[in-house]
Structure formats: C-alpha cells, structure tokens
Amino acid sequence: MEDSTRMGYCIVAGSFVAFQFFFSAVSPQLSFSLSSRYSTLPSVKQNEWNSRCVSTLHAVIVGLFCLCILWFDDAVNANPIWGDPWLVKLNIAVTCGYLLYDLLLLVRYWRTLGDSLFVCHHLAALYAYGYVLSRGVLPYFANFRLLSELSTPFVNLRWFLDAVGWPRSSWVVLANGLAMMVVFFVVRIAVIPSYYMQVYSWYGTPEYERLGLGVQLAWIGPSLALEVLNMVWMYRITRGFYRAVCRSMSRKAT
C-alpha cells in the first residue's frame, strides 16, 4: 500500500472520530451557549440539531477546499483522470469519514433521523470514493462532486430557523429558502451538463481505458444515481419554496 493511500485511510478514521466528537461533545455545548431555544427542544430534536451542526461544518470545510482545488490545482485540471490526486484524496478522506459517521448516526437514530435516500446517497458516494482513495484515479471528477456540499448550509439553516420558531412565511425564512433553491440548483443541477461534457471528452482515450471496467462502472453508475437523487431533492425544495411563498401571499391578502 502506498504511503499516500495509507495516510488517506488514517484521515478517514480521524475524520470519523472528529465528527463523532463534534456531534457528542462540541455541538451540544456550543448550542447551549449560543441558543436559548436548544435546551427546550426534546432530545430527538437536539440530536438532529447536533447532526446538522456537524453536517454544516463538514460542508463548509470540504466545499471551500473543493473550490480551491478546482481553481488552483493545475495537475488535476490538466489530467482529470490521472492527475496528482494528493489534495483531492485529502478532501475525499475527510468526506468519507463524515459519511461513515453519518451512516452510523442514521442507523443509531433510524426512527427519527433515518432516510433511505440518504443511505443510498452515502453508499453510492463511498463506493465511488473508495477507488479514489485506493487507486488515486479520477481526482477531478471526485472533487467536482463535492461542489454539491455548498448547498448544505442553506438546507440546514432552513431547519434551524424552523426549530427556533421562525414563521415559515417570514422574510428571513423565505430569503433563505430562495438562496437554498438557487444554490442547490447551481451546484447540483446546473453543473450536470458540464460534468458529463467533461466525461465525454475523456471517454475512449488511453487514460480512460487504463481505468478498467470496474473503475469505469464505479464512476458512471454512482454518478447517475446521484443525479436522480439530486433531481428528487430539487423537486422537493422547489415545491416547498413555492408552497411557502403561496402561504405568505395568502396571509398578506387577508
């Protein structure tokens, strides 16, 4: 096993422990200090609150790191399939640790937090990212996928606002809903054509053939599955925002 691969697995383990610690110890203490409403929530809601704090932290870390790699990592941009994957493997390792932590959390609190779509999403991502960590392939495409995390803080903020009692027709909730819908569309839906144009541009090249059938399937299969999930979530977000706007307008009319 290469040193970089061994280091990647160590980062996965460290990431898993760190996010678990943040969920169990850091988030509850911070939330007690920063929000008077947190202590009044039932334990079920507190667990979800802490889960979303961890989710937001992960999204900010890997999302910003993802942008830095896309903008400044010349080796990965020059060869999206076999470019030097070190920085991407670091980012992917952090994400894999988070995904494992979140899967464990979903299983532990399945009755309140369980969601089959999230399980499918996590398993598909782990399957594909495993090849990146073990073989260092497809760094550009793996990192590109992490752009989607930039929408997560807005999704979580919507839940926080609802948890602390902001009316769904308030301007703060509606403004965040609009931002959430726009950002989600930009980083998860609008980028689909450019992603697959890049895939097509490398299809059939010697670099592509070197991957082998197993990696090719792990690349394309989970990608298509994630597109379906993102379409479902986009529909839900758009429908929710439309209903919120309609409720707000009807209340103003009366």
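Predicted model: local features only at pLDDT ≥ 70, side-chain atom pairs only at ≥ 80, totals over all residues.
The side chains of Glu48 and Arg52 form a salt bridge, with 3.0 Å from N to O. Why is the separation between Glu48 and Arg52 about one helical turn? The two are four residues apart in helix H2, which runs over residues 43-72, so about one helical turn lies between them. As a general point, side chains of opposite charge can pair when their charged atoms come close.

How many salt bridges does the count come to? It comes to three salt bridges.

Another of them joins Glu227 and Arg145, whose side chains meet at 2.3 Å, N to O. Are Glu227 and Arg145 buried or exposed? Both Glu227 and Arg145 are buried.

Then there is Asp162, which makes a salt bridge with Arg168; the closest N and O atoms are 3.1 Å apart. Here Asp162 has 33% relative accessibility, so it counts as partly exposed. Arg168 has 42%, and it too counts as partly exposed.

Next, the surface charge. A patch of positive charge on the surface brings together Arg158, Arg236, Arg239, Arg243, Arg247 and Arg251. Which helix gives the most to the positive patch? That is helix H12, residues 213-253, with five residues. Take Arg251 as an example: its place is in helix H12, and its relative accessible area is 52%. The cut-off for exposed is over 50%, so Arg251 is exposed.

Now the cysteines. A disulfide, in general, is a covalent bond between the sulfur atoms of two cysteines. How many disulfides does the count come to here? The count comes to zero disulfides. Cys10, for instance, is in no disulfide, and the nearest cysteine sulfur, which belongs to Cys96, is 14 Å away. As for accessibility, Cys10 is partly exposed, with a relative accessible area of 49%. Cys246 is partly exposed as well, at 33%.

Two more residues before I stop.

Gly8 lies in helix H1, which covers residues 3-34. Is Gly8 buried or exposed? Its relative accessibility is 2%, so Gly8 counts as buried. The C-alpha atoms of Gly8 and Ala93 are separated by 5.7 Å, although these residues are 85 residues apart along the chain.

Trp71 is the other residue, and its place is in helix H2. With a relative accessible area of 60%, Trp71 is exposed. Going back to where I began, the C-alpha atoms of Trp71 and Glu48 are separated by 34 Å, and the two residues are 23 residues apart along the chain.

To recap: the count gives three salt bridges and zero disulfides, and helix H12 gives five residues to the positive patch.

Definitions and conventions:
Residues numbered from 1 in each chain as written. Heavy atoms only, no water. Patch = residues over 30% accessible without salt bridge, like charges linked within 9 Å, V, L, I, M, F, W, Y side chains within 5 Å. Areas by Shrake-Rupley, 256 points an atom, 1.4 Å probe, with all protein chains shown as cover. Salt bridge = Lys/Arg side-chain N within 4 Å of Asp/Glu carboxyl O. Lys, Arg positive; Asp, Glu negative; His and termini not counted. Charge placed at Lys NZ, Arg CZ, Asp CG, Glu CD. Buried < 20%, exposed > 50% of the residue type's maximum accessible area, 1.4 Å probe, protein only. Disulfide = S-S within 2.5 Å.
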